[in-house]
Amino acid sequence: MEDAQGGRYFDPDNLKRWETEKRLPTPIWHEAIARAYGLTTGEVHRAIVATKQYRRQGGEELSDVDRRRFMEAAAAAMGATALPGIAHARESIDGALAGENDGDLTYLETAFERHRGGYRGRAPETVLAEMQPDLDLLRLTLSRPHTTGARSELVRTAAGMAGLVAIIQHDRGDQPDANRWFSTAERAARESGDRRVTAWVLARHAMVPLNYGAPTAAAALAARARRAAGTAPSAASALAAAVMARALAAVGDQAGANAAVRDVRSIAERLDGPERADTWVGYPMQKHAVHLSQAYTLLGDIKAAYAAQDEALALTASRSVMTRALLAMDTAVCLRLDGEPGAAAVTAAEAFAQLPASYRTGLIRSRATALHAELSGRPQNELGQALAFEV
């Protein structure tokens, strides 16, 4: 807020009063708020109008359904870029997991099903903004008493929702927050007693250190995921084996990585129904091919990597911009390994340049930066310019 108003002092307690709705910002603050949150003054005004309407309808006395509708309307009024309260939501969910609570299970289960479908062409920040009202409702429902069976279902849903937020934060490059959300998701999954959900959370968590330079830690998490998944074929067990293959390949354990590749191929062939769903919790053949592309790329098996990339691209929807960019980065690495550093730099630079701005941080930049470090001379300079590096 101080930056938004030219460096003049701003009382943080004033912001707290606005966030808790104890006081609404007067018109003198609307322009500064708009600058701080990347909104227009019209959007700020509409959010304030929505709050006034909420107050007129009874404030804290509103039912859960009415409050949820209000929060959705306020989120829409404020726009997708405003994400106040998301850290508070995680802390509140995490703090509530030990108690006996209740909630609107039917709605939350459908909300989880809706959110787990992936980006579908939307920016990560947009998906987080859409999830915010449901995360707030989840926090409220976790704070109520419930029967033992319903509690188990509720914390299973909490594990899934927390895991989805963690995935998005991972993709955005916010490793600390991704780890915190995955920790919350694991607590919820273990409380639910669902081994597959626990395995899914652990396997997804392993992708944070795997994709950001700590493959040994990733292998340890993937091993825990495989133990939790058990021997029955499932999307979670397939994902755990795929992540294990990539982690072992990254640390140079070729025998272990190839064994894990054989495992994941065997598991993937036996999946059907919901286990193969094209969602963040399923393991479709498209996702399988993407993981194999990365595993073979790390193993230096260029022929197998190219084949996996071709298969993955054929199965990838045009709106899956992140997946296509990741596959292009794998292709670029293979080109470098195949003695074509110039083509590698061009491939990576073009893939990066075609990305929407919201995807040019985090995971994609991490892959491009790793390739940049392996190049030299003119190819390195060309990729560096695309990444806005000074080489």
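## Exercises on a predicted model

Both Y119 and W280 are buried. The structure used in these exercises is a predicted model.

**Exercise 1.** Which type of aromatic pair do the rings of Y119 and W280 form, and which parts does the pair tie together?

*Solution.*
1. A pair of aromatic rings is described by the distance of the centres and the angle of the planes.
2. For Y119 and W280 the centres are 5.0 Å apart and the planes stand at 90 degrees, so the pair is edge-to-face.
3. Y119 is in the loop between α6 (105–115) and α7 (124–142), while W280 is in the loop between α13 (254–269) and α14 (285–299), so the pair ties together parts 161 residues apart in sequence.

**Exercise 2.** With which residue does Y119 form the aromatic pair that has 6.0 Å centre to centre, and where does that residue lie?

*Solution.*
1. The partner is Y359; with 85 degrees between the planes, this pair is edge-to-face.
2. Y359 lies in the loop between α17 (341–353) and α18 (363–374), so its pairing with Y119 ties together parts that are 240 residues apart in sequence.
3. Y119 and Y359 are both buried.
4. The count of aromatic pairs comes to two, and ring pairs link Y119, W280 and Y359 into a cluster.

**Exercise 3.** Which residues have the most contacts inside the largest nonpolar core, and which element gives the most to it?

*Solution.*
1. The core has 105 residues, and L135 and Y283 have the most contacts inside it.
2. Helix α12 gives the most to this core, with 13 residues.
3. Leaving aside neighbours within four places in sequence, L135 is in contact with I86, A89, I93, M161, V165 and W181.
4. Another core, of six residues, lies apart from the largest one; I33, A34, L39 and V44 are among its members.

**Exercise 4.** Is S237 buried or exposed?

*Solution.*
1. S237 sits in helix α12 (residues 235–250).
2. Its relative accessible area is 5%, and buried means under 20%, so S237 is buried.
3. Beyond its neighbours within four places in sequence, S237 is in contact with A229, A232 and I267.

**Exercise 5.** Describe the second largest pocket by volume, lining and class of residue.

*Solution.*
1. The volume of the second largest pocket is about 770 Å³.
2. Its lining has 35 residues, and W280, Q286, K287, S320 and T323 lie nearest the centre.
3. The elements that give two or more residues to this lining are α8 (148–172), α10 (195–211), α14, α16 (321–337) and α18.
4. By class, the lining has 13 nonpolar, twelve polar and ten charged residues.

Note on methods. Residues numbered from 1 in each chain as written. Predicted model: local features only at pLDDT ≥ 70, side-chain atom pairs only at ≥ 80, totals over all residues. Heavy atoms only, no water. Helix = DSSP H or I, 4+ residues; strand = E, 2+ residues; numbered from the N terminus. Buried < 20%, exposed > 50% of the residue type's maximum accessible area, 1.4 Å probe, protein only. Contact = heavy atoms within 4.5 Å. Phe/Tyr/Trp six-rings, centres within 6.5 Å; stacked < 30°, edge-to-face > 60°. Core = buried A, V, L, I, M, F, W, Y, C linked by side-chain atoms within 4.5 Å. 1 Å grid on protein atoms, 1.4 Å probe; cavity = no way out; pocket = protein on both sides within 12 Å on 5 of 7 lines; lining within 4 Å. Points joined across faces, edges and corners; volume = space filled by probe spheres on them. Nonpolar A, V, L, I, M, F, W, Y, C, P; charged D, E, K, R; others polar.
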